[in-house]
Amino acid sequence: MDSEVIHPKVLGYLGRALSLELTAVQQYMTQASLAETWGDGEASQRFRAETVEEMQHAERIVARMLALGVAPASSQLRPVALAPDLVGLLEHNVDLERLLIDHYDEASRFCLLVGDAENAAFFTALLEEEQHHGEALSSWLNSLGGPRQRSGYGAYSQRQARSLQRH
Ligand SMILES: [Fe+2]
Ligand SMILES: [Fe+2]
């Protein structure tokens, strides 16, 4: 599809996708180092492999933006979500994957709505990969006893929204 006929919102979806993928790169890379300091080589290796996967997603988005004639520009990255143990890290990661899944779901639906089949297919492919990734993370988490009650990105976002409303 020619960049002249790209809906501006599609470029917005690409920009936010890049921010989320780079957030995942930063988060999983940091967690790989953290797990290493805990002496958990297996978890560290797994986080490292996930870092590479997310970087490859970011690369695909960058390539797509270049192909559409726009300069990649992610907005601010989310802070790395850390926890005192592996279950806590995985809980955060399931939340982050959920954000990615929701984003790609919305982006692909929007592209279909405006008749942009090419970008719809691009976002759908990423959606399917993140769904598999989310499932793998959930089963890893379940193998460790499953999620606990805690505040995650959702609670964080709500707090942020509330604090923004006060200003
Ligand atoms: Fe990803
Ligand atoms: Fe992912």
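Me: How many Å should helix α2 span, and how far apart are its end C-alpha atoms?

Reply: At 1.5 Å a residue (the expected span being 1.5 Å times one less than the number of residues), the 27 residues of α2, residues 41–67, should span 39 Å, and the end C-alpha atoms are 39 Å apart, which agrees. Helices here are DSSP runs of H or I with at least four residues, strands are runs of E with at least two, and both are numbered from the N terminus. Please keep in mind that this is a predicted model, in which local features need pLDDT of at least 70 and side-chain atom pairs count only at pLDDT 80 or more, while totals for chains, interfaces and linings use all residues. Residues are numbered from 1 along each chain as its sequence is written, and chains are lettered from A and ligands numbered from 1 in the order in which they are written.

Me: And what comes just after α2?

Reply: Glycine 69, which takes a positive phi of about 85°; just after α1, glycine 39 likewise has a positive phi, of about 80°.

Me: Which residues of α2 are buried?

Reply: They are Ala43, Phe47, Glu50, Glu54, His57, Ala58, Ile61 and Arg64, where buried means 20 or more other C-beta atoms within 10 Å of the residue's own, exposed means 12 or fewer, and partly exposed is in between, with C-beta atoms placed from the backbone. The cover over these buried residues includes α1, α3 (86–113) and α4 (117–143).

Me: What about the largest nonpolar core, how many residues does it have?

Reply: That core (a set of buried Ala, Val, Leu, Ile, Met, Phe, Trp, Tyr and Cys residues joined through C-beta atoms within 7 Å) has 24 residues, and those with the most contacts inside it are Leu14, Ala17, Leu18, Tyr104, Ala107 and Phe123. At least two of its residues come from each of α1, α2, α3 and α4, with α1 giving the largest share, 11 residues.

Me: What does phenylalanine 123 touch?

Reply: Leaving out residues up to four places away in sequence, phenylalanine 123 touches Tyr104, Ala107, Ser108 and Cys111, a contact being two C-beta atoms, placed from the backbone, within 7 Å.

Me: Switching topic, is histidine 92 buried or partly exposed?

Reply: Histidine 92, in helix α3, counts as partly exposed because it has 19 C-beta neighbours inside 10 Å.

Me: Lastly, how many helices and strands does the protein chain have?

Reply: The protein chain has 5 helices and 0 strands, and buried residues make up 27% of its 167 residues.
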